[in-house]
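Take a look at the structure shown here.

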Amino acid sequence: MSEAAATSMAPSDGVTGLVDDWTADKQTYHVPWGKAMMWIFLVSDTFIFTCFLTGYLNVRMTTTQPWPPQSEIFALSFGGAPIPLILIAIMTFVLITSSGTMALAVNYGYRRDKFRTIMFICATAFFGATFVGMQVYEWSKLILEEGVRPWGNPFGAPQFGSVFFMVTGFHGLHVSAGVIYLLWVARRIWAGHYDKKGFEIVEIAGLYWHFVDLVWVFIFAFFYLL
Amino acid sequence: MASSSDTAGQQHPLGIYYQIWILLFVVSAASYAVDYFDVQGAMRWTLVIVFMLVKAGFIIAIFMHAFWERLALVLTILGPPGVLLILIAFMAVEGDYTTEARFDYMGHDRDAVALTPAEVHGAGGEHGEEEAH
């Protein structure tokens, strides 16, 4: 049975495929090793971010001081009345845009369209850098104008500041690292490093980038909206 | 589908990426609308969490290609984080206990209300005027 599965050119799908993969003598995951390792890394990163968000859940539930009104704290006014949470909404759209350009980069990579791949990776890095820039503005506004500190703020529960700086800071660090990683990959594509090897690297970098967007989905919902 | 992930990598028509891209924009706009129109209470929680799960699901399934991966990899990715739901449940139960204990036995104020930025920034000026009168 397992011999037949191992030598067969078209492995079975579903649960039979799962059993075949895990009982195969050679390897379990039929993907490039770099992609498997990126997935393993992302799973470990999921644990880190979930621990942060679970810590946030716990302090938010246990603090008896009222939670500051995020909608108004993150409001911005463009000349008129402040629009609630608008900065965060724009940041969300910027990050989704970058996720879309990354998906296109992966696709053009597998088509071996080097020029478009590099252009879309650079566009992704540009949107990522824009996101970080807006985050810098958000942080400085919160620190300098609103007086939010990791140990206290004028609005309510002091845990607001510590959660905010820790969670968005760690996420912003991921985005910054992603921008550097993407530019590095683009440069290596430009130099022809992957012409023979294949363009899985774009998908691997893309996995990281989409993960960063994915984490933001949860931060946006739990920290800013709820 | 499974055989495509073996050698050729994850290659799919561009159309699906555009569709998901637009969908993510629409759902994000919808979750922002929840805040903009100030929906509160159980409805807010339901909408925000449903939109969040829809977005997360499509990013993982389509952009990260989990939908086309073999089950062995998909379970490696989604199985361990699934365990985290137990941690979240435990911490929620524990948090509820702690906060109730603080209200009931430590005299914390159950009805405290947070200040808004307008109140914080306006407070100095108004206070000053009152003193002047």
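How many helices and how many strands does chain B have? Chain B has four helices and zero strands. Along the sequence, its pattern reads α-α-α-α. Keep in mind that this is a predicted model.

**Chain B**

Chain B contains 133 residues, and buried residues make up 16% of them. Consider the contacts in chain B with a separation of 6 or more: 58% of these join residues 24 or more positions apart.

B:Q40 sits in the loop between α1 and α2 of chain B. Is B:Q40 buried or exposed? B:Q40 has 8 other C-beta atoms within 10 Å, so it is exposed. B:M106 lies 66 residues from B:Q40 in sequence, and their C-alpha atoms are 29 Å apart in space.

**Where the chains meet**

How many residues does each chain bring to the contact? Chain A brings 59 residues and chain B brings 57 residues. On the side of chain A that touches chain B, at least two residues come from each of α2 (14-23), α3, α4 (70-73), α5 (86-110) and α8 (200-225). The residues on that side of chain A are 34 nonpolar, 18 polar and seven charged.

**Helix pairs in chain A**

Two packed helices are described by the angle between their axes and the distance between the axes.

| Helix pair | Angle | Axis distance |
|---|---|---|
| α3(A) and α7(A) | roughly 170° | within 11 Å |
| α5(A) and α6(A) | about 165° | 8 Å |
| α3(A) and α8(A) | roughly 10° | within 10 Å |

Start with α3 (residues 33-62) and α7 (residues 159-190) of chain A, whose axes cross at roughly 170°. α3(A) and α7(A) are therefore roughly antiparallel. From α3(A), the contact uses A:F52, A:Y56, A:V59 and A:R60. From α7(A), it uses A:Q159, A:V163, A:M166, A:V167 and A:F170. Seven of the residues in this contact are nonpolar, one is polar and one is charged.

Next come α5(A) and α6(A), which pack at about 165°. They too are roughly antiparallel, because angles over 145 degrees count that way. The crossing of α5(A) and α6(A) is left-handed. Their contact holds 15 nonpolar, nine polar and two charged residues.

The contact of α3(A) with α8(A) has 14 nonpolar, one polar and four charged residues.

**The largest nonpolar core**

In soluble globular proteins, nonpolar side chains tend to be buried together. In this model, the largest nonpolar core has 73 residues. Which residues touch the most other members? They are A:A105, A:L182, A:V185, A:A205 and A:F220.

Both chains take part. α3, α5, α6 (114-145), α7 and α8 of chain A each supply at least two residues of this core, and so do α1 (14-36) and α2 (42-63) of chain B. α8(A) gives the most, with 19 residues.

Now zoom in on A:A105. Setting aside neighbours within four places in sequence, A:A105 is in contact with A:T117, A:F120, A:I121, A:T124, A:V202 and A:G206.

A:I121 lies in helix α6 of chain A. A:I121 counts as buried because it has 28 C-beta neighbours inside 10 Å. Beyond four places in sequence, its contacts are A:A105, A:L182, A:V185 and A:A186. A:T62 is 59 residues from A:I121 along the chain, and their C-alpha atoms are separated by 43 Å.

**Two loop residues with positive phi**

A:L85 is found in the loop between α4 and α5 of chain A. Its phi is near 60°, a positive value in a residue other than glycine. With 22 C-beta neighbours inside 10 Å, A:L85 counts as buried.

A:R112 is in the loop between α5 and α6 of chain A. A:R112 is not a glycine, yet its phi is positive, at about 60°. Is A:R112 buried or exposed? A:R112 has 11 other C-beta atoms within 10 Å, so it is exposed.

Notes. Residues numbered from 1 in each chain as written. Chains lettered and ligands numbered in written order. Predicted model: local features only at pLDDT ≥ 70, side-chain atom pairs only at ≥ 80, totals over all residues. Axes fitted to C-alpha atoms, helices over the stretch in contact; angles between N-to-C directions. Parallel < 35°, antiparallel > 145°, perpendicular 65-115°, else oblique. Contact = placed C-beta atoms within 7 Å. Nonpolar A, V, L, I, M, F, W, Y, C, P; charged D, E, K, R; others polar. Core = buried A, V, L, I, M, F, W, Y, C linked by C-beta atoms within 7 Å. Buried ≥ 20, exposed ≤ 12 C-beta atoms within 10 Å, placed from the backbone. Left-handed = near helix turned anticlockwise from the far one by under 90°.
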